[in-house]
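Let's take a walk through this model, one corner at a time.

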Amino acid sequence: MPASFRILALLALSGLLLPAAGCGSAFFYPERKLVWNPAQDNIPYRDIRFASEDRVPLHGWLMCPRAEAPRGTILFLHGNAENVSTHSRAVLWLVEAGYEVFTFDYRGYGLSGGEPDIPGVHRDAKAAVGQLLSLRGASADRYVVFGQSIGGSIAVYTVATLPPERKPRALIVDSAFAGYRRIFREKMKSFLITWPFAWPASVFLEDGYSPARWIDKAGPGPVIVIHGTADGIVPYEHGKELYERARDPKGIWTIEGGGHISGLRNAEVRAQFLAFLEAWIPAGSGGACAP
């Protein structure tokens, strides 16, 4: 579902990219209208309203497993297009496996206020951690951060800069890029007509949040990188670099022939994911969804 970054090249040609690049707006393709909610799949859920660090109003969902106490909590950061109503269905299997999932829309997406930019979405992610841990029954000892595509890139900086008492048990990133400027340049250089603009245009782009700069600080919990070797949106080399820069304990789940955020459609990879959660989240029955 993520939008192709090739749209960046078209923006550059139209002369719109340079003023937009400073705030990174070309990375975001939000949709305001919600097209689905968890109740349509008989998933219990709660609307969560909270504010970002700069008071931008945000909206999210806490999706709860049916008829059982949660086995743990997943904070899910979605990709760069549409909104929470289209991305959440991709993680319903985690709810069905007994985990509560807290997911939210960045500013400018869905029912959240404001307009997206690179610094702002990182503030939103940090606020989401605070909101999750403020919920009755939630525990820093029993949650994992999971991000897909740009959500994985946002997740790295977020986890790396959390105080020790708020760090998750683990960080899992799926199909994330290693750097904002790097992915921008790669997409610009993929077109002959925009190739000459790749480097000069990229200097206007905020790069201080790039995950390659921060992933070595994401611990002490394990870092898992999931990436397909045939990812046409974010090349596999990005995932490999993130894995190499991360500190132990760490792992890389290479999906041979896999495309962008396609690995977790595979039953074997899902089983590996669940086995990892069971190994790293302490046994217990607590959680924000618990009775």
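Start with Ser149, which counts as buried because its relative accessibility is 2%; buried means under 20% relative accessible area, exposed over 50% and partly exposed in between, with a 1.4 Å probe and protein chains only. Before going on, a word on the ground rules: this is a predicted model, where local features need pLDDT of at least 70, side-chain atom pairs count only at pLDDT 80 or more, and totals for chains, interfaces and linings use all residues. Residues are numbered from 1 along each chain as its sequence is written, and side-chain values use heavy atoms, with hydrogens and water left out.

Ser149 sits in the loop between S7 and helix H6 (150–160); helices (H or I, at least four residues) and strands (E, at least two) are DSSP runs, numbered from the N terminus. Its phi is near 55°, a positive value in a residue other than glycine. Ser175 also has a positive phi, near 60°. You'll find Ser175 in the loop between strand S8 (170–174) and helix H7 (180–189), and at 1% relative accessibility Ser175 counts as buried.

There are cis peptide bonds to look at too. One runs from Gly219 to Pro220, with omega near 15°, and Pro220 is in the loop between helix H8 (198–202) and strand S9 (223–228). Another joins Asp248 and Pro249, with omega about 0°; Pro249 falls in the loop between helix H9 (236–245) and strand S10 (250–255).

**Rings in contact**

How many aromatic pairs does the count come to? It comes to 17, taking rings of Phe, Tyr and Trp (its six-membered ring) as a pair if their centres lie within 6.5 Å, with planes under 30 degrees apart called stacked, over 60 edge-to-face and the rest tilted. Here are two of them.

| Ring pair | Centre distance | Plane angle | Type |
|---|---|---|---|
| Phe146 and Phe273 | 5.2 Å | 70° | edge-to-face |
| Trp253 and Phe273 | 6.4 Å | 75° | edge-to-face |

Trp253 lies in strand S10 and Phe273 in helix H10, so their pair ties together parts 20 residues apart in sequence. Phe146, in strand S7, and Phe273, in helix H10 (residues 267–280), are 127 residues apart. Phe146 is buried at 1% relative accessible area, and Phe273 is buried at 0%. Ring pairs also link Phe76, Trp93, Phe146, Trp253, Phe273, Phe276 and Trp280 into a cluster.

Elsewhere, Lys250 lies over the face of Tyr243, at 4.6 Å from the ring centre. A charge sits over a ring if NZ of Lys or CZ of Arg is within 6 Å of the ring centre and within 35 degrees of the ring normal.

The structure holds one cavity of 30 Å³ or more. On a 1 Å grid over the protein atoms alone, a cavity is a set of points where a 1.4 Å probe fits but cannot get out, while a pocket is an open set with protein on both sides within 12 Å along at least five of seven lines; lining residues have an atom within 4 Å of a point. The largest cavity has a volume of about 40 Å³, volume being the space filled by probe spheres set on the points, which are joined across faces, edges and corners. Among its lining residues are Val159, Lys167, Gly219 and Pro220.

The largest pocket has a volume of about 230 Å³. Of its 14 lining residues, the closest to its centre are Ala90, Gln148, Ile261, Arg265 and Arg270. Helix H4 (92–96) gives the largest share of that lining, three residues.
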